[in-house]
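Colleague: I would like to learn how to read salt bridges in a model. Could we work through one case together?

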Amino acid sequence: VVEAWCTVTQNIMDVWRLPDEAFPRRADLPFLSECGYVPAMTSCLRAALKEVGGEASTVARFLLTGPDRRAAARAVVTVGGAVEQLDERPASFAGDMGSVMPAAQLALALETAAPGERIVLGAYGSGIADAVVLRVTDRMAAARAAGLVSRWIARRAVLGYERFLKFKRVLLGEEPLHPFSS
């Protein structure tokens with residue numbers, strides 16, 4: 001059940017690409033963390049928790065995407081939570097999954113969440129922080145599909161970096177790989 005949500009927007013440009021450049025650039029990590037992620041995410045988490053009248057101690061898990069673990073941990077601690085409340089799956093074993101990361105984090109968390117547990121899902125990108133406060137209901141046990149996401153991740157096939165670069169057409173002079181279904 002969605003209990004509250006919040007969006008905070010900051011005027012910051014942390015990812016950009018000039019017209020004649022092939023790849024985007026990203027601001028350095030200290031700038032991104034200190035001037036972008038931590039202030040925006042902290043403000044967003046505080047506002048979302050205030051909506052439910054809850055303290056960070058009432059949250060079982062914080063699922064936050066961000067530039068790195070330290071920035072996410074800092075945001076949790078700044079709102080009164082503990083680093084132990086930060087659930088880093090799947091980043092800890094699957095890396096940064098991009099825009100699908102919040103959905104993957106939530107799916108993994110719901111596989112083991114107990115009824116009544118409060119989960120805060122937070123995402124950040126280019127100056128925009130979003131947070132959703134969720135309460136797990138007893139209907140989750142019936143809807144749980146026996147760990148589908150964790151099984152999918154466990155049987156993943158490793159895509160070599162060279163193959164990835166060919167697929168993205170980064171390696172010049174190479175025949176690009178074409179998408180295929182598994």
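Colleague: Which residues are linked in a network of salt bridges here?

Modeller: First, a caution: this is a predicted model. A salt bridge is counted when a side-chain nitrogen of Lys or Arg lies within 4 Å of a carboxyl oxygen of Asp or Glu. In this structure, Glu-3, Arg-118 and Arg-135 form such a network.

Colleague: Which side chain meets Arg-118 in a salt bridge?

Modeller: That is Glu-3, with an N to O distance of 2.8 Å. Arg-118 belongs to strand β5 and Glu-3 to strand β1, so the bridge ties together parts that are 115 residues apart in sequence.

Colleague: What about Glu-3 and Arg-135?

Modeller: Their side chains also meet in a salt bridge, at 3.2 Å from N to O. This pair links distant parts of the chain, strand β1 and strand β6, 132 residues apart.

Colleague: Is Arg-118 buried or exposed?

Modeller: Buried means under 20% relative accessible area. Arg-118 has 7%, so it is buried. Glu-3, at 29%, is partly exposed, and Arg-135, at 27%, is partly exposed as well.

Colleague: Which residue forms a salt bridge with Arg-74?

Modeller: Glu-34 does, and the closest N and O atoms are 2.5 Å apart. Here the pair links two helices, with Arg-74 in α2 and Glu-34 in α1, 40 residues apart. Arg-74 is partly exposed at 38%, and Glu-34 is partly exposed at 45%.

Colleague: How many salt bridges does the count come to?

Modeller: Seven, by this rule.

Technical notes
Residues are numbered from 1 along each chain as its sequence is written. This is a predicted model: local features need pLDDT of at least 70, side-chain atom pairs count only at pLDDT 80 or more; totals for chains, interfaces and linings use all residues. Side-chain values use heavy atoms; hydrogens and water are left out. Helices (H or I, at least four residues) and strands (E, at least two) are DSSP runs, numbered from the N terminus. Buried means under 20% relative accessible area, exposed over 50%, partly exposed in between (1.4 Å probe, protein chains only).
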